[in-house]
Amino acid sequence: MARLHAAGLLHHWINQNHDSLPQKAGFPQHALNEIHGGLHDPANPIVPYQGNLRDDLYNWMQQWQRDADLCLALGTSLSGLARVM
């Protein structure tokens with residue numbers, strides 16, 4: 001993903017994980033939307049499962065949706081963690 005960005009083929013990345021792997025791979029923070037918060041960015045605290053997403057990050061994601069020519073969803077269920085009772 002970092003190489004695709006460096007080649008100008010990938011403009012933005014929305015990440016649901018808190019693992020800092022994009023940054024460790026060299027992906028630039030300014031092009032990364034850590035929608036549930038991130039460990040690598042102290043300005044973006046992790047959102048609890050019962051919490052709300054940050055409005056600015058949600059709006060940024062919505063803008064990308066409108067502007068993107070292609071969107072890939074890789075390795076995700078696109079859902080929250082189910083709590084077993």
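**A salt bridge and its surroundings**

Aspartate 56 has a relative accessible area of 43% and is therefore partly exposed; buried means under 20% relative accessible area, exposed over 50%, and partly exposed in between, with a 1.4 Å probe and protein chains only. The side chain of aspartate 56 meets that of arginine 54 in a salt bridge, at 2.5 Å from N to O. The term salt bridge stands for a side-chain nitrogen of Lys or Arg within 4 Å of a carboxyl oxygen of Asp or Glu. Side chains of opposite charge can pair when their charged atoms come close. Arginine 54 is also partly exposed, because its relative accessibility is 27%. The structure holds one salt bridge.

This is a predicted model, in which local features need pLDDT of at least 70 and side-chain atom pairs count only at pLDDT 80 or more, while totals for chains, interfaces and linings use all residues. Residues are numbered from 1 along each chain as its sequence is written, and side-chain values use heavy atoms, with hydrogens and water left out.

The protein has three helices and two strands, which follow the order α-β-α-β-α from the N terminus. Helices (H or I, at least four residues) and strands (E, at least two) are DSSP runs, numbered from the N terminus. Of the 85 residues, 22% are buried.

Tryptophan 64 belongs to helix 3, residues 55–67. With 11% relative accessibility, tryptophan 64 counts as buried. Leaving aside residues up to four places away in sequence, tryptophan 64 touches His12, Trp13, Ile14, Ala31 and Asn33; a contact means heavy atoms within 4.5 Å. Histidine 12 is 52 residues from tryptophan 64 in sequence, and the two C-alpha atoms are 7.9 Å apart. Across the protein, 27% of the contacts between residues at least 6 apart in sequence join residues at least 24 apart.

Glutamine 23, in helix 2 (residues 21–24), is likewise buried, because its relative accessibility is 12%.

Leucine 9 sits in the loop between helix 1 (2–6) and strand 1 (13–15). Its relative accessibility is 64%, so leucine 9 counts as exposed. Together with Met1, Leu4, Leu70, Leu72 and Leu74, Leu9 forms a nonpolar surface patch with about 670 Å² of accessible area. Patches are made of residues with over 30% relative accessible area and no salt bridge, with like charges joined within 9 Å and nonpolar side chains (Val, Leu, Ile, Met, Phe, Trp, Tyr) within 5 Å. Accessible areas come from the Shrake-Rupley method with a 1.4 Å probe, and for residues only the protein chains shown count as cover.
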